[in-house]
Amino acid sequence: MEPLTGYRELPADTMLERARASYQNLRCRRTVRDFDSRPVDRAVIEQCLLAAGTAPSGANQQPWHFAVITDPERKSQIRAAAEEEERSFYNGRAPEEWLRALAPLGTDANKPFLEEAPLLIAIFAQKYGIDAQGERFSHYYVPESVGIATGFLIAALHDAGLATLTHTPSPMGFLSKLCGRPESEKPVILLVVGHPKPGCQVPVHGGIKKPLAQISSWF
């Protein structure tokens, strides 16, 4: 154990002011599907990844890996593989109810943003770890831990002035091969990152969020 450092208690009015500012910042975040191709400074992405790495995790095992892809050829390969899975999804695998839920967003099997955006971040969940002796050991609360870290990452990228898209082609095992990741890791999200294209439009439906009364209760 060690002394707690870094925590600072704030006056009540400052707490509320900062909480409101955080909400106002995050409520402006929108999922974007039209990306400008101009590059993003690697240092900015690295700081956002460091922020994601501060997330809490089961037994502090930090069961995540972030593979950043900027190489145009590799992005093209990812797009081809993702669109193949998406065509299968839209043309038969997806239940009708799911397709109806997606309809207001205007999505389809075409994913040009996977090549147009300057970078992709493939997020992997580490199902288990390997110790120094080469022995496997269990990881705990992996989906929860990776989900929290991904939320930290999206918030950090938004705060840095970047737009994101959480893309989840299913299945996405092709990412393991294209990113050279081990069998112990499972790809869970392909995060598209960059600046919105000039004149970018977003679905009205995506900006409608449930009110506080519907997402919380007090006891």
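Student: How many disulfides does the structure hold?
Tutor: The model is a predicted one. A disulfide requires two cysteine sulfur atoms within 2.5 Å. The number of disulfides in this structure is 0.

Student: Is C179 buried or exposed?
Tutor: A residue is buried when its relative accessible area is under 20%. The relative accessible area of C179 is 16%, so C179 counts as buried.

Student: Which cysteine has the sulfur closest to that of C200?
Tutor: C200 is partly exposed, at 24% relative accessibility. Its sulfur lies 14 Å from the closest cysteine sulfur, which is too far for a bond. That closest sulfur is in C28.

Student: How many helices and strands does the protein have?
Tutor: From the N terminus, the elements run α-α-β-α-α-α-β-β-β-α-β-α-β-α. The totals are 8 helices and 6 strands.

Student: What share of the residues of the protein counts as buried?
Tutor: The protein has 219 residues, and its C-alpha atoms fill a box of roughly 55 × 50 × 40 Å along the principal axes. Among contacts with a separation of 6 or more, 81% are between residues 24 or more positions apart. The buried share of the residues is 34%.

Student: In which order do the strands of the open sheet lie?
Tutor: The open sheet has 4 strands, with antiparallel pairing. Its edge strands, each pairing on one side only, are β1 and β5. The twist from one strand to the next averages 25°. The order is β1-β2-β6-β5.

Student: Which residue in β6 is the bridge partner of L119?
Tutor: Strands β2 and β6 pair in the antiparallel sense, over 8 bridges. L119 has its bridge partner in β6, and that partner is V193.

Student: At about what angle to β2 does α6 run?
Tutor: Helix α6 lies across β1, β2, β5 and β6. Its direction makes an angle with that of β2 of about 155°.

Student: Which residues of helix α2 are buried?
Tutor: Helix α2 spans residues 42-52. In an α-helix, residues three or four places apart point the same way, because there are 3.6 residues a turn. The buried residues of α2 are I45, C48, L49 and A52.

Student: Which elements do the buried residues of α2 pack against?
Tutor: The face of α2 turned away from its buried side carries the exposed residues Q47 and L50. The buried residues themselves pack against β1, β2, α6 and β6.

Student: Which residue has a side-chain oxygen reaching to the backbone nitrogen of A43?
Tutor: This contact is found at the start of α2. The oxygen comes to within 3.0 Å of that nitrogen and belongs to D41.

Student: Which residues does E83 touch, leaving out those up to four places away in sequence?
Tutor: E83 has its place in helix α3, residues 72-93. With a relative accessible area of 10%, E83 is buried. The residues touched by E83 are A109, N110, K111 and P112.

Student: Which side chain makes a polar contact with the side chain of R136?
Tutor: R136 lies in strand β4, residues 136-138, and counts as exposed at 56% relative accessibility. Beyond four places in sequence, R136 touches Y128, G129 and I130. The polar contact, at 3.4 Å, is with the side chain of Y128.

Student: How far apart in space are R136 and S184, C-alpha to C-alpha?
Tutor: In sequence, R136 and S184 are 48 residues apart. In space, their C-alpha atoms are separated by 9.3 Å.

Conventions: Residues numbered from 1 in each chain as written. Predicted model: local features only at pLDDT ≥ 70, side-chain atom pairs only at ≥ 80, totals over all residues. Heavy atoms only, no water. Buried < 20%, exposed > 50% of the residue type's maximum accessible area, 1.4 Å probe, protein only. Helix = DSSP H or I, 4+ residues; strand = E, 2+ residues; numbered from the N terminus. Contact = heavy atoms within 4.5 Å. Polar contact = N/O pair within 3.5 Å; in protein donor to acceptor, adjacent residues only side chain to side chain. Pairing = 2+ DSSP bridges. Axes fitted to C-alpha atoms, helices over the stretch in contact; angles between N-to-C directions.
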